[in-house]
Amino acid sequence: MDYELFKTTIQNAKKILIISHVNPDGDTLGSMSALYGIILNNFGFSQDDVDMVYNGIIPEIYKFIPFIERAKKSAEVSTIQYDLAISVDIAAKDRMGDSLPLFEKTNIRMNIDHHKTNTNFGTINFVRGDACSCGEVLFDIFKALALKTDKNTAWALFAAILTDTGGFRYENTTAQTLQKAAELIQLGAEPATISRYCYESKPRNMVLLHANCMINAEFSDNNKIAGICITNKDMEKFHATNDYTEGLVEELRRINTTEVSYVIKEVDENTSKVSLRSKTADVSVVAQVFGGGGHTFAAGCTIRKPLNIAKNKLVEEIRKVLG
Ligand code: 5GP
Ligand code: MN
């Protein structure tokens, strides 16, 4: 990693845009916030010259992340010309949603990520498939450059690492991950408080939607495949916003017989959005069949078919990786 290039690129920029991915999660929001704080604190930028953008809605549980209330919708900044755009936790360009045109029209495009399927779409790429989270990639950059990491940055990076390791439980949790988390605690991150925000602050209707989905879950192949189909009608019934389905696919994987779990959601009558999780099989392969991507045990894609047809095609592909 050419860390000096990170430094000189920021130093040479005048107006910077940081971009998070659609359906924002703790890693993309924590990374965006941490990078924003670092740029303001270390490079002499004013708030007016650094913007953050998001797509869709910021889940309630992540509103505690420092500065996140300053993040804007792409439409609010669409007339501004930036000279540096930085994407965080974004595996493929289409994951930028409405922010993609902003990225494309910027001269210098930096891609900071940790997905092994990342296509190095930036003019500058900091992509590390070995890192547990984009937050960890940033931690290493900040540390290598001895940048001043204050309490806000520590909170944001801790949230990113915590959520992408599933609370330090997934395979991507290494000794280095925990050492870095420990350093962030020394810098002021509060693990119990951050965990409470991330894991114990769900809206009631979200839990009720999950209960409804679990009751209607479908199991096949000796219960090795467990899945949930969610229609827009289901979402309306629970006044659910898009983020309410977060966590469902992990709940299904938690069942002892499950090898691969999926959640497939109706976007419109011809489009379905898929989340995949696995215990052993590589589900990034399944996602890539449909033009998506992700990690070995957590991946996703969009299938341009109605819900039921998409589900059948998806289950067919899952069977192939289960062998
Ligand atoms: P989630 O199921 O939480 O939305 O996503 C799981 C993982 O798959 C994340 O790492 C995410 O970046 C990746 N992913 C989800 N949807 C897509 C997609 O449509 N395209 C690509 N390339 N990756 C995706
Ligand atoms: Mn991530």
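Predicted model: local features only at pLDDT ≥ 70, side-chain atom pairs only at ≥ 80, totals over all residues.
1. Local features need pLDDT of at least 70 and side-chain atom pairs count only at pLDDT 80 or more, while totals for chains, interfaces and linings use all residues. Residues are numbered from 1 along each chain as its sequence is written, chains are lettered from A and ligands numbered from 1 in written order, and side-chain values use heavy atoms, without hydrogens and water.

2. Four protein donors, D27 (OD), D89 (OD), H114 (NE2) and D164 (OD), lie 2.1 to 2.4 Å from the manganese ion (ligand 2). Donors are N, O and S atoms within 2.8 Å of the metal (3.2 Å for Na, K and Ca); water is not among the atoms, so the site may look incomplete. D89 is in the loop between β4 (84-88) and α3 (100-104) and D164 is in helix α5 (residues 151-164), so the pair ties together parts 75 residues apart in sequence. Helices (H or I, at least four residues) and strands (E, at least two) are DSSP runs, numbered from the N terminus. Both D89 and D164 are buried (under 20% relative accessible area; exposed is over 50%, partly exposed in between; 1.4 Å probe, protein chains only).

3. A146, in the loop between α4 (134-144) and α5, has phi near 50°, a positive value in a residue other than glycine. A146 is exposed, with a relative accessible area of 65%.

4. N223 is not a glycine either, yet has a positive phi of about 70°. The residue N223 sits in the loop between β7 (218-220) and β8 (225-230) and is partly exposed at 37% relative accessibility.
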